[in-house]
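Okay, thanks for coming, everyone.

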Amino acid sequence: MKTGFTLLFAALFIVSCSNNSNDNDLISVPVEALSTINEQNEAEIIVFLQSHFYDNESSILPIEEAPEKTPSLWDDPRLGVKQVYVRPSEFNLDTTAYTAAEIESGIAHNLYYLMVQEGAGNTVTTADSVYVQYSGRTLDLALFDQVRQGGLWFDLSRIQAPQQGFRGFAEGAALLKTATQIAENNDGTFSASDAGRGFFFFGSGLGAYQNAQATIPAYGAMFFEITVLSRKITDHDGDGIPSYLEDLNKNGFLFDDNTDAAYEAANNLAVLPNYFDNDDDGDGTPTACEISLGLDPLNADTCYDADQDGDCDRCDD
Ligand SMILES: [Ca+2]
Ligand SMILES: [Ca+2]
Ligand SMILES: [Ca+2]
Ligand SMILES: [Ca+2]
């Protein structure tokens with residue numbers, strides 16, 4: 001079984017290497033403001049949705065250009081939209097150009113989705129690992145990546161990491177549910193029952209932004225078809241708290257929940273969001289230990305002294 005997230009990000013790596021190896025290949029792309037690009041991409045996506053429709057009978061590419069056919073994707077009653085807030089820091093942008101609210105909470109991006117089948121299995125969060133089939137295309141319908149046979153495991157938490165890009169993929173997959181049953185056929189393919197399947201359209205702020213790839217232009221909008229076969233609940237830091245519960249503000253983004261941010265900054269420590277920090281409150285006692293002792297793992301001031309010897313209990317007591 002293949003594990004990890006390779007294709008989307010291997011492409012990014014290959015482009016970077018080739019650029020380094022030959023200066024003549026370097027393409028200088030001026031860095032544009034996130035709000036500006038968001039508006040441009042939004043306009044492009046709306047034109048796309050208004051000029052394309054969903055053809056249920058085409059299994060390879062059911063999204064077809066046909067402005068005369070109705071309903072267009074834009075008028076399809078199944079079309080939904082989810083707002084996802086993207087922070088300038090996710091793309092290393094100069095934050096002096098943004099308001100404090102935009103730096104802290106981000107700029108609202110529209111993720112449009114056509115839910116073909118929600119799925120009848122388990123719900124998915126952006127903290128889960130998912131086993132998916134998918135294809136990704138730019139708005140000219142050019143294919144840039146796909147896995148259609150078998151499937152591939154993706155850790156959705158990593159896809160939303162700053163500078164990683166492709167948050168739209170993670171946010172889209174989390175709108176679906178898994179299959180109820182997966183059977184492996186003799187030829188290595190799968191038969192899945194009631195797997196969630198949908199199309200997700202988003203701008204470069206939820207994609208690769210200025211990082212041009214071989215087949216994705218800088219600032220290019222895109223769409224993915226995703227089928228979710230299975231998922232695993234994760235605990236990335238092994239502290240006993242599932243990663244999805246470490247999203248304290250419940251916005252689906254794991255990198256803005258950091259209980260001991262001030263402590264980490266004051267002590268020049270690595271900035272670790274809670275889902276990747278085994279001592280969430282930075283008090284020196286691992287979160288898993290605090291839970292086992294009945295302490296509050298998010299409060300550095302709590303002390304548990306069961307034997308009343310005057311010292312806070314620790315797991316190695
Ligand atoms: Ca955890
Ligand atoms: Ca969060
Ligand atoms: Ca932390
Ligand atoms: Ca602690």
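So, how far apart do the C-alpha centres of domain 1 and domain 2 lie? They lie 34 Å apart. Before I go on: this is a predicted model, so local features need pLDDT of at least 70 and side-chain atom pairs count only at pLDDT 80 or more, while totals for chains, interfaces and linings use all residues. Residues are numbered from 1 along each chain as its sequence is written, and chains are lettered from A and ligands numbered from 1 in the order in which they are written.

Back to the domains. Domain 1 covers 7–232 and domain 2 covers 243–317; those bounds come from an automatic or database domain assignment. Where they touch, domain 1 puts in 10 residues and domain 2 puts in eight, with contact meaning C-beta atoms, placed from the backbone, within 7 Å.

On the whole chain: the C-alpha atoms fill a box of roughly 80 × 50 × 40 Å along the principal axes. Of the contacts with a separation of 6 or more, 62% join residues 24 or more positions apart. We've got seven helices and 10 strands, taken as DSSP runs (H or I, at least four residues, for helices; E, at least two, for strands), numbered from the N terminus.

Now, confidence. pLDDT is the predictor's confidence in each residue, from 0 to 100. The chain averages 87, and 90% of the residues score at least 70. Strand β9 (residues 196–202) is highest at 98, and helix α1 (residues 7–21) is lowest, with a mean of 39. Residues 9–23 sit below 50, and beyond near neighbours in sequence that stretch has 10 contacts in the model.

Conventions. Contact = placed C-beta atoms within 7 Å.
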